[in-house]
Amino acid sequence: MRIVVKVGTSTLAHPTGRLNIQRMEKLCKVLSDLKNMGHEIILVSSGAIGMGVGKLSLPKRPEDMPTKQAAAAVGQCELMYTYDKLFAEYSHTVAQLLVTWEDFDHPHRLNNLQNTLERLLQLHAIPIINENDPVACEEYSLGDNDTLAAIVCRYIHADLLVLLSDIDGLYTANPHTHPEARLLPLVERITPEILALADGVGSSLGTGGMSTKLRAAQLVTELGADMVIANGSHPELLYDIAEGRPVGTRFAGRKEG
């Protein structure tokens with residue numbers, strides 16, 4: 001399968017913004033093993049701004065654009081250095097692609113991006129994609145990497161999108177405030193009732209939340225691919241997800257015929 005895995009800031013970093021080394025090592029090991037099985041892996045990785053916050057010793061995620069961009073520029077270096085080092089331990093080569101909305105909005109640039117991604121996969125590299133936060137302006141910002149991952153799925157015809165987050169999946173209510181909330185293991189159709197279950201935003205260091213994940217699910221399932229929301233604290237769950245076993249919440253792609 002061609003699998004896009006999106007990993008959020010809350011999975012990659014501690015609340016301090018510093019790298020969660022144990023988690024990241026496990027993630028790279030599992031993704032390397034899935035690639036060894038024959039799957040094509042594309043990683044959409046958040047974390048640049050969060051890691052920049054930690055490395056620059058900022059008290060919190062910045063609110064002004066110049067400081068966000070500065071933090072992203074610093075954090076992206078550490079992020080890719082770490083990915084390169086960890087994947088190399090399992091004899092896999094990584095490639096960095098930093099994109100903005102313009103790369104999908106202009107046909108010529110989109111064609112170049114698609115060709116590059118396809119060639120990287122043919123060369124058995126692991127593309128690691130993030131929004132180009134240091135230069136992205138508000139007009140051409142994708143906003144969050146859940147959306148970016150769904151758009152990537154669309155243009156490379158992925159079979160599966162996995163969103164690794166700080167929650168086990170989609171619940172009947174916010175489990176942080178409603179202990180009686182139930183996990184929904186399968187969503188066959190994204191109805192207005194399902195969309196209404198989105199509640200709140202993501203971690204203090206990230207930008208996503210359940211609403212962005214449900215919008216991503218709408219896009220991906222309309223293309224016929226499945227999407228899974230699972231807890232990034234346990235990267236080994238990716239084995240079961242790739243095998244189609246029940247993990248987190250699976251949104252079933254619409255199959256023709």
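## Glutamate 40 and arginine 2

Glutamate 40 is partly exposed, at a relative accessible area of 26%; the term covers values between buried (under 20%) and exposed (over 50%), computed with a 1.4 Å probe on protein chains only. Arginine 2, at 12% relative accessibility, counts as buried. Their side chains meet in a salt bridge, with 2.7 Å from N to O. Because glutamate 40 belongs to strand S2 (residues 40-45) and arginine 2 to strand S1 (residues 2-7), the pair ties together parts that are 38 residues apart in sequence.

A salt bridge is defined as a side-chain nitrogen of Lys or Arg within 4 Å of a carboxyl oxygen of Asp or Glu. Strands are DSSP runs (E, at least two residues), numbered from the N terminus.

## Basis of the model

This is a predicted model, in which local features need pLDDT of at least 70 and side-chain atom pairs count only at pLDDT 80 or more, while totals for chains, interfaces and linings use all residues. Residues are numbered from 1 along each chain as its sequence is written, and side-chain values use heavy atoms, leaving out hydrogens and water.

## Further salt bridges

The structure holds nine salt bridges. One of them joins the side chains of aspartate 226 and arginine 250 (3.1 Å, N to O). Since aspartate 226 lies in strand S7 (residues 226-231) and arginine 250 in strand S8 (residues 249-251), this pair ties together parts that are 24 residues apart in sequence. Both aspartate 226 and arginine 250 are buried.

Arginine 245 forms a salt bridge with aspartate 240, and their closest N and O atoms are 2.8 Å apart. Arginine 245 is partly exposed, with a relative accessible area of 43%; aspartate 240 is also partly exposed, at 27%.

Notes:
Helix = DSSP H or I, 4+ residues; strand = E, 2+ residues; numbered from the N terminus.
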